[in-house]
Amino acid sequence: MATWRSLPRDGRDTLFLLAVIGWVLLPQADRLPLWCSLGAGAVLLWRGWLALDARALPRKRWLVLLLMLTLGATYVSHGTLLGRDAGVTLLVVLITLKTLELRARRDAFVIFFLGFFCMLSNFFYSQSLLTAVSMVIGLLGLLTALVNAHMPVGKPPLVQAARTAGSMALLGAPIMVVLFVLFPRMAPLWGVPSDAMTGRSGLSASMEVGSIATLALDDSVAMRIKFEGETPPQRELYLRGPVLSSFDGRQWLPLRASLPERYALPADLQVSGQPVPYEVTLQPTNRPWLFLLEAAAQSPVLPGYRTVMQDDLQWLTNRPITDLVRYKAVSYPNFSHGPAQQVLGLQEFVDLPPGFNPRTLALAAELRRDPRYAQAGAATLVQAALDRLRLGGYSYTLEPGVYGRDTADEFWFDRKEGFCEHIASSFVILMRALDIPARLVTGYQGGEMNAVDGFWVVRQSDAHAWAEVWQAGRGWMRVDPTSAVAPGRTGAFQRLTPPRGAVAQAFGNFSPNLSARVRATWEAVNNGWSQWVLNYTQGRQLNLLKDIGFESPGWEDLATLLIGAVVLASIVGGGWAWWERSQHDPWLRLLEQARKRLARAGIDSTPATSPRQLARQVLQKYGPPGQPLHDWLMQLEMQRYAGSIPSADATLQQAPALHRQLGQLRQQYSRLRWPA
């Protein structure tokens, strides 16, 4: 603290600004290229060391060299200098390098405004409550530095600048609220791309079996579900996503039809039983996928999007989901779909690439030769495969290692372990080898209830893959082979949870119930932020106008209300400015009036010129005719500095004597006879 106080003002202000920049850039550290994060931290530390020791800044040629190197590194990392990721990287590079030429107030202003842009860029990747709170702190820090840069010479305390910045933020908050409520809602200019099968749990448009040695669980929230009635059992919560039907020996992809379109299998969805109404709050995926409980017969209600159900029951939107969305749907746990009798189109679901998994094909042939299964139907063969999984020593693991070329053979005969993609893929390959139509379905299974707000939370760690097998007379039937290996994976007692950090682990060991309660409370608060702030859509805007009296509100009504609010805010701001000006020192205002009138008479002065000096100039210019004006100026000076009147800082309420004397002087001023 003593070192901080002993620093000159330039050093202190520079260190404070560097700390604010570091705070603003910190959330970007894990999203930037490693060289950029390390380089930005090194430059900020270097600049802080230069400020502490009052050393000279590097020459411009070194800055130009660093800029060229970082531009090249940005291009190598992103393959372009345009776009969101490359743009944010360049922004971080520019603001950190600019600190190395922070010499004048003009340089500081450039850093301030780059800091505001960096602060906004955090919302390109996350709009969570934690991000918003941290950026509010960054905003107050930047405003404090900006106010401090405008303060006069000397060493004004940063606390004083912080108070002013806080007042400015509070004064601007009502305007921001009005703009948030009334400004037209538009789709964001950025998306949040996600390709989650590259080493982390989640979903992708394809599935490459056996390429991931270790699956890292992603604990982030994928969606939240609010059931209007009774919640279905956890083991029945299958949220359907992409359906993968084409297999090339290594990778599963959506169906690549080889038959004419007239042979395509219709959905032919039939539902029965009690419907389950619910509302889903889906996080951005940058994919046109809607996740619904199996199975939804009616289109979900999603304002601003057109939705369509594919023949495989997957629901798609007309454009990618790049923002938090909320939609209502109704599903039926009891359903059937697909053709009930054998048709030509089913042939595409028994195709296997030649030359792959010979031992699995041999296993299928062996089952067919077994008298118990020689004439068995699909249901019996499915049960035989599930019994093999249940009793054959197979296990569920997140660290199966990298599989080779014949993934199904390795699973069935060698490793006998894997996570859901290995199990489901090997099961479907065996079914096809048995000449039973089968396909893979990916999505989410399970989740957990948040007892604080009543929402059912589905995480990326709940991503799952299961199988669908066609049976004559019944159509497509869901079969989850993972349940045969690890029943708790689709139940309530062995949910997948990612490893916790040291602090979270210690806290959980100290009080598991308290740890779970704190987490549930925080997620409930963050969900409230998502529901009421991030999900404030155009539809909710127009509903607000209906609530305040508009019968059929539209863009014109919204624009009229917004313009009216801006005009009202301008009037209030103008009135505030007039009132604040009227509170300034009335003695100085009276002196300023006299100075302006004397300037028109040819007597020039500055704000530092005292009334006594003005009085002397009046006598020199006008002689005896200027004596009344001379006397009035001397009375004005005596009233201020004679010592019997309160200080110039006193308000009218605190100094009634000052008010009376100034009133008398003001009256005398209006009656003065000015010399020609």
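Student: Leaving aside its neighbours within four places in sequence, which residues is Asp-406 in contact with?
Tutor: Please keep in mind that this is a predicted model. Asp-406 lies in the loop between β14 (395-396) and α11 (407-415). Once the neighbours within four places in sequence are left aside, the residues in contact with Asp-406 are Gly-355, Phe-356, Asn-357 and Pro-358.

Student: Does Asp-406 count as buried or exposed?
Tutor: A residue is called buried when its relative accessible area is under 20%. The relative accessibility of Asp-406 is 19%, and therefore this residue counts as buried.

Student: How far apart are the end C-alpha atoms of helix α9, and what span should its 12 residues have?
Tutor: Helix α9 covers residues 358-369, and at 1.5 Å a residue its 12 residues should span 16 Å. This agrees with the model, where the distance between the end C-alpha atoms is 17 Å.

Student: Which residues of α9 are buried, and what covers them?
Tutor: The buried residues are Thr-360, Leu-363, Ala-364 and Leu-367. They cover an arc of only 100° around the axis, so they sit on the same side of α9. What covers these buried residues includes α10 (378-391), α11 and α12 (420-433).

Student: Which strands are the edge strands of the open sheet of five strands?
Tutor: The order in this sheet is β12-β7-β2-β18-β17, with antiparallel pairing. An edge strand here pairs on one side only, and this holds for β12 (325-331) and β17 (448-449).

Student: What is the bridge partner of Met-449 in β18?
Tutor: Strand β18 (residues 456-459) and β17 pair in the antiparallel sense over two bridges. In β18, the partner of Met-449 is Trp-456.

Methods
Residues are numbered from 1 along each chain as its sequence is written. This is a predicted model: local features need pLDDT of at least 70, side-chain atom pairs count only at pLDDT 80 or more; totals for chains, interfaces and linings use all residues. Side-chain values use heavy atoms; hydrogens and water are left out. Helices (H or I, at least four residues) and strands (E, at least two) are DSSP runs, numbered from the N terminus. Buried means under 20% relative accessible area, exposed over 50%, partly exposed in between (1.4 Å probe, protein chains only). Contact means heavy atoms within 4.5 Å. The expected span of a helix is 1.5 Å times one less than its number of residues. The arc is that of the directions from the helix axis to the C-beta atoms. Two strands pair if DSSP finds at least two bridges between them.
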